[in-house]
Amino acid sequence: MAAFLEITITVDEADRPAAAAVYTKYREPFLNTIPGATSKQLLIRDEDVQILHGFTTADEAKAYLSSDLFTNDVVAGLSPLFKADPEIRIYQVA
């Protein structure tokens, strides 16, 4: 079964290039080192930015949220840009 982790962040338009740089920097390490990782896309809307992560299972998606890559690198890089707390959702594919 497949699963998706969706993280929605609100950042100022001027900070979007910096947010995209964090995404780009950690995309390959995510795909190459996180167990069960299958994809990662950056989705941009006028009101927010979403990062959609693909996983083999929902448990792997949950585990990523406590990984060193997520907590020490991704969150550290993005948190100065947040205008609000991020929304984090995990979906299982039916």
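**View 1. E87 and the residues it touches.** Leaving aside residues up to four places away in sequence, E87 touches E6, I7 and T8, where contact means heavy atoms within 4.5 Å. E87 is found in strand β4, residues 87-92. Here helices (H or I, at least four residues) and strands (E, at least two) are DSSP runs, numbered from the N terminus. With a relative accessible area of 40%, E87 is partly exposed; buried means under 20%, exposed over 50%, and partly exposed in between, using a 1.4 Å probe and protein chains only. From E87 to T71, 16 residues apart along the chain, the C-alpha atoms are separated by 15 Å. A word on what you are looking at: this is a predicted model, in which local features need pLDDT of at least 70 and side-chain atom pairs count only at pLDDT 80 or more, while totals for chains, interfaces and linings use all residues. Residues are numbered from 1 along each chain as its sequence is written, and side-chain values use heavy atoms, with hydrogens and water left out.

**View 2. A61 in helix α2.** Find A61 in helix α2, which covers residues 58-64. Is A61 buried or exposed? Its relative accessibility is 0%, so A61 counts as buried. Not counting residues up to four places away in sequence, A61 touches L5, F55 and I90. N32 is 29 residues from A61 in sequence, and the two are 15 Å apart in space, C-alpha to C-alpha.

**View 3. D46 in a loop.** D46 sits in the loop between β2 and β3. A relative accessible area of 76% makes D46 exposed. Now look for T10: D46 and T10 are 36 residues apart in sequence, and their C-alpha atoms are 9.8 Å apart in space.

**View 4. V75 in helix α3.** V75 lies in helix α3 and counts as partly exposed, at 29% relative accessibility. V75 and V93 are 18 residues apart along the chain, and 26 Å separates their C-alpha atoms.

**View 5. The largest pocket.** The volume of the largest pocket is about 200 Å³, meaning the space filled by probe spheres set on the points, which are joined across faces, edges and corners. At least two lining residues come from each of β1 (3-9), α1 (16-33), β2 (37-44), β3 (49-55) and α3 (68-78). The lining divides into 17 nonpolar residues, one polar and one charged. Ala, Val, Leu, Ile, Met, Phe, Trp, Tyr, Cys and Pro count as nonpolar, Asp, Glu, Lys and Arg as charged, and the others, Gly among them, as polar.

**View 6. Stepping back to the chain.** Three helices and four strands make up the elements of the chain, and from the N terminus on they run β-α-β-β-α-α-β. Buried residues account for 35% of the 94 residues. Of the contacts between residues at least 6 apart in sequence, 70% join residues at least 24 apart. The C-alpha atoms fill a box of roughly 40 × 25 × 20 Å, taken along the principal axes.

How values were computed
On a 1 Å grid over the protein atoms alone, a cavity is a set of points where a 1.4 Å probe fits but cannot get out, and a pocket is an open set with protein on both sides within 12 Å along at least five of seven lines; lining residues have an atom within 4 Å of a point.
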